[in-house]
Amino acid sequence: MKISLNWIRDYVDLPPDLDVSRLMYDLTMSTVEVESAEHLDERFANMTVGLVKAVLPHPNADKLKVCRTDIGGGDVREIVCGGINLRDGMKVAVAKPGALVRWHGAGDLVEIKNAKLRGVESYGMICASSEIGLFELFPFKEEATIIDLSDFEAEPGTSLATALGLDDVLLEIDNKSLTNRPDLWGHYGIARELSALYNVPLRELPEFTPPAGLGDLRIVIDDADRCSRYIGVRIDGVFTKPASFKIQSRVWRVGMRPINSLVDVTNYVMLAVGQPTHAFDSGNIEGGITVRRAALGEKLLLLNGKELTLTPKDLVIADDEGSVGLAGVMGGAKDSILDETTSIILEIANFEPIGIRKTAQRYDLRTEASVRYEKGIDPQRADQALKLAVQLFASEFPDMKATGYNDNYPRPLEPTRVKVSLDWMARKMGRGLDSDDILNMLGRLGFTSEISGDELSVTSPSWRSTGDISLPDDIMEEIARLHGYENFEPTQITTTFERSINQRELDAERRLREYLSYRCGMQEVFTYPWVKDEYLDAVFPDRAGMLEISTPPAPDERYIRPSLLPNLLKAVYENSHYLDEFAIYELSQVFFDGGYSAPYDERERLPRQRKRVTGVLVGPAGTTTELFRRAKGIVENMPRYAHMEPLSFAQITHPHWADETVWLDVKLGEEGIGHLALLSKRSALAAGIKQSSVMAFDLDVDSLLPLASRTNKFSHLPEYPQVEYDISMLFDETVRWESVESAVLGKKSAADLVRSVSFVDEYRGRQVPEGKKSITLRLMIGSDKKTLTSEDIEAAAAVIKKRLTKQLGGEIRG
């Protein structure tokens with residue numbers, strides 16, 4: 001969402017020393033994420049208002065003219081121009097050398113330089129609106145029409161941005177950070193937040209009291225659950241004309257297209273206060289307004305020319321003859337504003353958000369209005385919209401008159417009330433705040449609050465009572481963010497880890513990713529859980545066992561993925577335009593219709609899910625052998641590097657998407673857990689892949705068996721030097737090494753200096769008697785208290801020799 005800083009200043013006086021970077025930081029830290037700021041006047045650098053003193057014929061070109069133009073301070077320059085509407089005394093937009101324009105409104109930006117055109121020196125350029133990005137504000141029907149600025153009170157030499165009021169800063173706010181704050185989907189909401197943040201007054205919107213004696217406007221709400229409020233105002237004495245430049249400019253700079261005064265005023269109100277409004281041509285409304293559910297199969301032709309076949313799940317605005325608009329989404333063609341419109345019915349309504357979202361998704365219609373209604377607008381905001389709309393209509397049409405009014409409000413919004421323990425909040429925040437400071441901060445945000453003992457009682461304003469505020473944690477967040485997160489001192493958290501948890505499955509997943517990414521050079525990707533129909537058709541013969549989404553993101557994306565391969569084929573198709581060779585993989589869940597389980601609550605039954613890893617290797621046509629060898633090597637070596645039970649290959653069950661010859665089943669023991677195959681020509685063409693060979697593997701990660709890990713123990717490094725001491729002794733042939741090791745280490749006392757024993761070798765030969773064998777073992781001798789002398793070492797070895805002799809009949813080899 002774009003926000004105009006000049007528009008914000010209509011409602012609040014920001015601190016004079018506040019720069020844009022600080023404003024961005026403060027808003028991001030406390031409220032919403034500001035992604036960027038654009039100084040709008042930079043688009044019009046080196047552009048000024050020029051006054052055409054004389055229009056002279058070009059000596060060498062019939063279609064060109066030489067304009068003697070005052071560009072400020074009496075500096076008159078000759079500029080060659082082909083404009084068809086140039087005249088003496090006309091104010092024009094002059095791009096001086098160094099300005100960036102688009103020739104004839106097309107192509108990339110080019111820098112203006114002094115040039116000689118057909119033999120005449122020309123200083124800069126006199127511009128058409130399309131050449132400097134202002135076509136929507138200054139539209140024209142004929143090519144070579146120059147912007148006429150004669151109606152603007154600007155002296156020659158005035159910068160173009162200043163003359164047009166475009167010396168503004170546009171903030172780009174991340175929509176995701178606004179999702180749970182419907183009160184911020186308009187300039188007034190952002191201004192209210194800045195008012196609280198900087199503790200400066202917020203200006204009230206103009207008042208409107210319906211005059212007595214207004215004619216009755218019939219408004220009926222059949223479904224109060226879906227429409228909690230509907231205000232209708234009949235306004236006569238209006239007509240279609242361009243809106244004032246201020247309204248057009250503000251609507252344009254935040255991303256909407258000016259249309260005419262009637263439409264622009266409704267859009268302006270929505271952008272100002274966040275409340276969508278709509279204007280019906282009252283001459284096309286028969287009887288009154290009814291808000292109702294659509295009839296099954298009812299037809300509605302929308303403003304965009306799209307005809308819908310409605311269902312009872314849809315809410316419509318209707319007159320006595322039928323539906324005239326899709327509530328909260330888009331108006332109908334029947335009621336649209338026409339050139340001959342002289343009377344309108346202004347709609348300011350409040351609709352239930354979930355229903356609007358489902359309707360917009362059902363018909364793939366996301367509009368500025370539906371986006372705001374989906375977030376949950378408070379009904380009281382309709383009052384703000386009404387005040388501003390009436391003021392703007394009166395400004396645009398001085399002779400306008402309100403002749404009908406009705407405010408049908410069957411479901412008033414109850415304010416949210418929350419109680420918070422001050423002690424609990426202090427412990428959660430890591431520090432306590434003064435009670436007066438708490439009340440002051442909440443008051444600046446529009447909350448009504450009081451403190452009694454340890455209890456803080458808070459009543460939310462209407463614009464925060466639509467679900468945004470409901471818990472004590474929400475109140476704590478409001479106080480903490482206004483106090484400033486950076487003003488809280490970090491505190492250390494002390495915890496004790498008594499034992500480690502060995503999660504072999506998670507460790508195996510990580511090793512899989514590391515193996516595929518680092519050792520195999522594959523790129524991990526993440527795809528959406530829904531799949532386009534064309535890629536499902538490329539992989540599966542039918543839709544058996546697939547889960548369908550009740551509100552899909554698009555009509556051709558109704559199914560949730562039963563395999564990772566379809567979306568990977570989409571990625572192959574999109575990347576193969578730019579890369580000849582690449583390898584990608586994804587490790588994630590897939591879903592099936594069946595095997596439902598409810599691990600926590602029977603009301604939350606979940607479908608069967610399996611975790612799979614799927615990879616594709618892509619190369620130019622004719623590289624099948626290389627791709628097969630590489631893919632098979634990746635799967636063959638996977639168990640070794642991911643520490644899993646080994647895999648094997650066989651040809652048993654041919655996958656639908658695979659080539660007739662180049663395919664293998666991947667097995668774990670006797671169980672098939674996946675496939676390794678070349679993508680068949682049929683599947684490749686169905687996925688739009690024409691010039692590449694694609695080798696794929698698809699494995700069930702949940703079936704892979706990670707190997708049990710060792711039980712490791714920690715021991716300190718020796719503080720004093722340790723010594724190796726070799727002993728060779730003769731033992732009977734029947735003595736096993738484990739018996740020797742046990743004898744050396746079995747009965748250790750605190751005085752024992754032998755730290756470990758290891759096997760060196762075993763010998764039989766002429767020097768060894770029959771029935772005997774010579775075993776050489778290595779003792780590691782050391783002390784925790786001192787560095788050992790040779791006498792200490794010999795004494796420790798003597799103890800071991802004596803023990804081996806006594807227990808196993810060993811004797812020192814001569």
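K176 counts as exposed because its relative accessibility is 65%, where exposed means over 50% relative accessible area, buried under 20% and partly exposed in between, with a 1.4 Å probe and protein chains only. The residue is found in the loop between strand 12 (169-173) and helix 4 (187-198); helices (H or I, at least four residues) and strands (E, at least two) are DSSP runs, numbered from the N terminus. K176 and R253 are 77 residues apart in sequence and 21 Å apart in space, C-alpha to C-alpha.

The model is predicted, so local features need pLDDT of at least 70 and side-chain atom pairs count only at pLDDT 80 or more, whereas totals for chains, interfaces and linings use all residues. Residues are numbered from 1 along each chain as its sequence is written, and side-chain values use heavy atoms, with hydrogens and water left out.

Strands of a sheet pair through backbone hydrogen bonds, either parallel or antiparallel. Two strands are taken as paired if DSSP finds at least two bridges between them. Strand 3 (residues 47-58) and strand 4 (residues 61-70) pair in the antiparallel sense over seven bridges, and a hairpin of two residues joins them. In this pairing L56 stands opposite V66 in strand 4. Strand 4 also pairs with strand 5 (residues 76-81), in the antiparallel sense over six bridges, and R68 stands opposite E78 in strand 5. The hairpin of strand 4 and strand 5 has five residues between the strands, and G72 takes a positive phi near 120° there.

A mixed open sheet is formed by five strands in the order 13-24-15-23-16. Its edge strands, strand 13 (215-216) and strand 16 (277-281), each pair on one side only. Helix 6 (residues 261-273) packs on the sheet, touching strand 16 and strand 23 (343-351), and its direction makes about 160° with that of strand 16. Contact means heavy atoms within 4.5 Å; axes are lines fitted to C-alpha atoms, for helices over the stretch in contact, and angles run from 0 to 180 degrees between N-to-C directions. Within the sheet, strand 15 (residues 227-236) and strand 24 (residues 401-408) pair in the antiparallel sense over seven bridges, with G232 opposite N406 in strand 24.

Helix 6 also packs against helix 5 (residues 245-253), at an angle of about 55° and with the axes 10 Å apart. The two helices, helix 5 and helix 6, are therefore oblique to each other: angles under 35 degrees count as roughly parallel, over 145 as roughly antiparallel, 65 to 115 as roughly perpendicular and the rest as oblique. K246, I247, Q248, R250 and V251 in helix 5 meet D264, V265, Y268 and L271 in helix 6.

An antiparallel open sheet has three strands in the order 25-27-26. Strand 25 (417-421) and strand 26 (448-452) stand at the edges with a single partner strand each, so one side of each is left without a neighbour in the sheet. Strand 26 and strand 27 (residues 455-459) pair over five bridges, and S452 stands opposite E455 in strand 27. Helix 10 (residues 422-429) packs on the sheet, touching strand 25, strand 26 and strand 27. Helix 12 lies across strand 25 and strand 27, running at about 75° to strand 25.

The axes of helix 11 (residues 435-444) and helix 12 (residues 472-483) come within 10 Å and cross at roughly 95°. Helix 11 and helix 12 are therefore roughly perpendicular to each other.
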